[in-house]
Amino acid sequence: MDYTVENGHLIWDGCDTVELAKEYGTPLYVFSQTMIEERLQELQRDFVDKYENVRVAYASKAFSTLAMMKIIEKQGFCLEVLSDGELHTAIQAGFPAEKIEINGNNKSLAEVEMAIEHGVGRIIVDSLHEVDLISSLAQEKGKTIQVLFRITPEVNVATHSFISTGQKDSKFGIPINEEILFPLVKKAIQAKGIEFLGFHFHVGSQLFENEAHLGAVDIALDLMKEVRTRFDYAVSELNFGGGYGVQYTDKDVRQPYSYFLDPMMERVLNFCEREGFTQPAVVIEPGRSIVAEAGISLHTIGAIKELPEIRKYVSIDGGMTDNIRPGLYDAEYTGILANKADQAPIETVTVSGKACESTDILVKDLKLPAVESGDIFATFSTGAYGYSMASNYNKLAIPAVVLVKEGQSNLIVKRQSLEQMIENEVLPDYLK
Ligand SMILES: *Cc1c(COP(=O)(O)O)cnc(C)c1O
């Protein structure tokens, strides 16, 4: 992990994390704006400036707050949202609606209405009934909505045939299936209130190899050709989703964006030249890779329990409620003592959370300097899917979030108060 140390303290984007813990309390999420911007600039340089007619839409579920929306907007990028809440956050941040696309395998009627009313740029259709729904709502409001179809590209990867021989078991996307997909494309091309642009896929997340992306690009390109052959219709946009992996521990080696994007674009450009297509717009939706490594979490160590010959548990003042990924899918993290950042590790401990779940273990078997109650534990790479998956389990408060840049810190989410945790609760009269 890349970090700097001053006076024995972990420094994050110029800020002393021990001071941040004192000023804002713990648990605390700390995001480096500089690191977020470096990723955005990498995308700008190696994708947006390098290729024509391409766009980046930040997948906001990774970390969706007003301040984050502003950082994305300032870079000129687009935004991908999945729910009314994410759309609301973006709109409240003043994000231009035409630069927002909405995804989701089960958009509610209210969400589709909200999207159309705000005038979002794209609706990514993910289920069969959506075409009719969007068409009728758009007509009611006198609008034309641009749509893409999310496909499940794993289908028939080996054969490249569109005749379904078995669909990948997925809740996402429209199966690439003769009876389902093409009639729906035809319907979307003809439907009033809808402009059918093309296809979308998202192959997965935290990927370090580009095979899945490349295979899916080939399928999307074949579909583009199929649509021209069958309907004499030009697909004008393809969306290749996100999924680019990041470093959580020293075992992970993050690939630069170009490792994925250059061969993807090469396939698009070669295909278009060979088949006589104008290059469609190409959109990508990175989420995790923009924010994960820029974010750390700070916790204060409390109880320390030594089980001789077994293990030593050091407990933090948070855990699965602010980072559920270890409990949810055995995600691995690493961290250091922020107040002893210059000391050599001398003992092996297991960092555990304070929630009532035995899976609430943040890091197993981590080497740290001599741990004492009151030390500040910093977990690296918690910027994506940490805050956004935080819960009130055990009625623990959602932590505050601080944005730091070159030595300046600003609170961007206040710590939830005890009052706020019960403010929506209602006590019926008969129970009073
Ligand atoms: C989650 C998601 C993304 C972002 O994935 P990352 O792994 O965070 O880059 C992009 N597009 C869609 C449709 C998603 O569901």
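This is a predicted model: local features need pLDDT of at least 70, side-chain atom pairs count only at pLDDT 80 or more; totals for chains, interfaces and linings use all residues.

Residues are numbered from 1 along each chain as its sequence is written, and side-chain values use heavy atoms, with hydrogens and water left out.

User: What separation do the centres of domain 1 and domain 2 have?

Analyst: The bounds come from an automatic or database domain assignment. Domain 1 takes 4-30 + 294-421, and domain 2 takes 51-288. Over C-alpha atoms, their centres lie apart by 35 Å.

User: Which residues of domain 1 lose the most area to domain 2?

Analyst: Buried area is the accessible area (1.4 Å probe) that two parts lose on being put together, summed over both. Between them the domains bury about 1200 Å², with 60% of it on carbon and sulfur atoms. Together 40% of what the domain 1 side buries falls on Glu 332, Ser 381 and Tyr 385.

User: Which residue is the bridge partner of Ile 102 in S8?

Analyst: Helices (H or I, at least four residues) and strands (E, at least two) are DSSP runs, numbered from the N terminus. Two strands pair if DSSP finds at least two bridges between them. Strand S7 (residues 100-102) pairs with S8 in the parallel sense over two bridges. The partner of Ile 102 there is Ile 123.

User: What is the hand of the crossover from S8 to S9?

Analyst: S8 and S9 run parallel, joined by three bridges. The chain passes from S8 through H6 to S9. With the strands pointing away from the viewer, a clockwise path from the first strand over the helix to the second defines the hand in question. This β-α-β crossover is right-handed.

User: Within what arc do the buried residues of H7 fall?

Analyst: Buried means under 20% relative accessible area (1.4 Å probe, protein chains only). In H7 (residues 181-190), Leu 181, Phe 182, Leu 184, Val 185 and Ala 188 are buried. They line one face of the helix, because the directions from its axis to their C-beta atoms fall within an arc of 160 degrees.

Key. Buried means under 20% relative accessible area, exposed over 50%, partly exposed in between (1.4 Å probe, protein chains only).
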